[in-house]
Amino acid sequence: MAEEKKNATIYDVAAAVGVSLATVSRVVNGSENVRPATRDKVRAAIEELGYRPNAVARGLASKKTTTVGVVMPDMTNLFYSELTRGIDDVANMYQYDVLLTNTDDDPKRAVTAIRNLADKQIDGLIYMGSQLSKQVQEAMKMADVPVVLAGSVDQKGILPSVNIDYQAAFEEVTNRFLSEGQERIALVIGSADRPIDVDYRRAGYGLALEKVGRDVDESLIFSGPRSYEDGQALAAQIHASGARAAIIYDDEVALGVLNGLQDAGVKVPDDFEIVSANNTTFTMVARPELSSIDQPKYDIGAVAMRLLTKLMDQDSLNQKQVILPHTMVNRASTKSAKRN
């Protein structure tokens, strides 16, 4: 049985060529301060020995680790998973490794995650989360690396970000229900105090009502559900409120509401209409399939990573707050889909 070849080190490459460790390091890091003939010999030895430079070791010479950190609130949520695919693909294109951390949408855990990533000498950070607390922002400053938000809003517009226009999207859906004669429209959001819910989603809903001369009925606003089970438990309350339509911020929660209503004998969409907001796979496996706001999830992640590569290269950004277009996908959970 052939002896398994051990991993080559920078010392092996230097010994094979007869040069210093510094010379090998300069070749690995792309320095031009090496004679072409020597550079060719070092590269040939790297290929022959199968040497793979360690990212941290490269960082000692280049002051870069070619690693970016990604803070996400829920790795199991399909919305954030699709954003991360876009991040990872662009990171690979620019030869960056990605370190993922999960916070369960807890600001305290987000602070810890950012600090831990900073300790690993990341070159940049992408933050996904529904709350940008003062503590999180302070941790970002202390990390002292470029930061880009993906699917997360900065009300002050200081941090670069990539999103859709959440206010416009929720206003459009509310307008649609109103124009079709719905009188009582429920709104389900993730929290009662976070900006993305209050200042964007709820604000869009309220603006649509205001334009037709109606006040927001607080009994139709539901906040806090995070999971399928939460949605199921909420279904009875929503129906008891007298609502006959609902706009729901999360697909998994929307699926729970849908099934909870149908288990209670409510017919969707004849008795109750639902529009969700992320257009993940959940909307298509539901029966009936869920109408949804369609966010370009992959593109949000990909554009965020591209912005981060520019910042890490110290390039200027033509646009810091990137708003990508959204669309409406009509499926069987709304009556308009049946008419089309």
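Helices here are DSSP runs of H or I with at least four residues, and strands are E runs of at least two, numbered from the N terminus. Keep that in mind for the loop holding D105, which sits between β2 (97–102) and α6 (107–119). The model is a predicted one.

**The chain as a whole**

By that count, the protein chain has 14 helices and twelve strands. Its radius of gyration is 25 Å, whereas a compact globule of 340 residues would come out near 20 Å. Along the principal axes, the C-alpha atoms fill a box of roughly 80 × 50 × 35 Å. Even so, 49% of the 340 residues count as buried. If you look at contacts with a separation of 6 or more, 70% of them link residues 24 or more positions apart.

**Helix α8 and its end**

Helix α8 covers residues 166–179, 14 residues in total. From first C-alpha to last it reaches 20 Å, close to the 20 Å expected at 1.5 Å a residue. Is this helix mostly covered or mostly exposed? It's mostly covered, with ten of its 14 residues buried. Among the buried ones are the aromatics Y166, F170 and F177, and the list also includes E171 and R176.

S179 also belongs to α8, but it tells another story: its relative accessible area is 62%, so it counts as exposed, the cut-off for that being over 50%.

Some background first: most residues other than glycine have a negative phi, and most peptide bonds are trans. This chain has exceptions of both kinds worth a look.

Take the peptide bonds. V268 and P269 are joined by a cis bond with omega at about 10 degrees, and P269 lies in the loop between α11 (251–263) and β9 (273–276). R287 and P288 are likewise joined by a cis bond, with omega about 0 degrees. P288 lies in the loop between α12 (281–285) and β10 (291–294).

Now phi. D105 isn't a glycine, yet its phi is positive, about 55 degrees. Is D105 buried or exposed? Its relative accessibility is 18%, so D105 counts as buried, given that buried means under 20%. N279 is also a non-glycine with a positive phi of about 55 degrees, and it lies in the loop between β9 and α12. N279 is buried because its relative accessible area, 12%, falls under the 20% cut-off.

There's a glycine to mention too. Helix α2 spans residues 21–28, with T23, V24, S25 and V27 as its buried residues. G30 follows α2 and has a positive phi near 75 degrees.

**Two loop residues**

N318 is in the loop between α13 (297–312) and β11 (321–323). What does its accessibility say? At 81%, N318 counts as exposed. Its C-alpha is 40 Å from that of R214, a residue 104 positions away along the chain.

D74 is in the loop between β1 (67–72) and α5 (78–93). Its relative accessibility is 23%, so D74 counts as partly exposed, that class running between the 20% and 50% limits. Leaving out residues up to four places away in sequence, D74 touches Y80 and N102. M128 is 54 residues from D74 in sequence, and their C-alpha atoms are 9.3 Å apart.

Here are the accessibility values side by side.

| Residue | Relative accessibility | Class |
|---|---|---|
| D105 | 18% | buried |
| N279 | 12% | buried |
| D74 | 23% | partly exposed |
| S179 | 62% | exposed |
| N318 | 81% | exposed |

Key: Residues numbered from 1 in each chain as written. Predicted model: local features only at pLDDT ≥ 70, side-chain atom pairs only at ≥ 80, totals over all residues. Heavy atoms only, no water. Rg over C-alpha atoms; globule rule 2.2 N^0.38 Å. Buried < 20%, exposed > 50% of the residue type's maximum accessible area, 1.4 Å probe, protein only. Contact = heavy atoms within 4.5 Å. Expected span 1.5 Å × (residues − 1).
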